[in-house]
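Open the model in your viewer and keep the sequence beside it. We will go from the whole chain to a single residue.

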Amino acid sequence: MDWVIGQIDVRDGSTVFGLPHEGQGLSYFHYTNDVFAADHWSRRAPPLSNKLIGTDGTIEVKNNRGDPLRIWAKGDSEPRPLLKAGGVVP
C-alpha cells in the first residue's frame, strides 16, 4: 500500500469501553502497483459487509450465507459469485 485517506462519522455509532465507535466511514487507497480502491461502510447500508471498488473491478463481501463473496472484474458484464454456501464456485 502506498497511501490511504479516510474519514469516520460517530453520530450513528455505538460506545465501546465508554468511547465513541464509528457508525460509518469512507476510505480511499492507492497501492504501489498503481491500483486505486474505495471502501465505504455504514450501519444503515444494506446487508453488505464490504464493497471494495477498484480501478479494475469491484469485490463485494456480504454477511449472508447464499452469496458471501462476489467479484465484478474488468470485462465482466455483471457481478459473479466466487463463493457460495458450501464452497468455492468452480
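How many helices and how many strands does the secondary structure of the chain come to? Switch to a cartoon view and count. There are zero helices and 10 strands. Now trace the chain along its sequence: the pattern reads β-β-β-β-β-β-β-β-β-β.

**Colour by confidence**

This is a predicted model, so check the pLDDT before going further. The average for the chain is 80. A score of at least 70 is reached by 82% of the residues. Select residues 3-9 next. This is strand β1, where confidence is highest, at a mean of 92. Then jump to residues 87-88. Here, in strand β10, confidence is lowest, with a mean of 60.

**Show the surface**

How much of the chain is buried? Of its 90 residues, 17% count as buried.

**Look at contacts**

Residues 24 or more positions apart account for 12% of them.

**Zoom in on a patch**

Select W3, I5 and Y28. Together they form a nonpolar patch on the surface.

Where does W3 sit? Its place is in strand β1. Why does W3 count as partly exposed? Its relative accessibility is 36%, and partly exposed covers the range between the buried limit, under 20%, and the exposed limit, over 50%.

Definitions and conventions. Residues numbered from 1 in each chain as written. Predicted model: local features only at pLDDT ≥ 70, side-chain atom pairs only at ≥ 80, totals over all residues. Heavy atoms only, no water. Helix = DSSP H or I, 4+ residues; strand = E, 2+ residues; numbered from the N terminus. Buried < 20%, exposed > 50% of the residue type's maximum accessible area, 1.4 Å probe, protein only. Contact = heavy atoms within 4.5 Å. pLDDT = per-residue confidence, 0-100. Patch = residues over 30% accessible without salt bridge, like charges linked within 9 Å, V, L, I, M, F, W, Y side chains within 5 Å. Areas by Shrake-Rupley, 256 points an atom, 1.4 Å probe, with all protein chains shown as cover. Salt bridge = Lys/Arg side-chain N within 4 Å of Asp/Glu carboxyl O.
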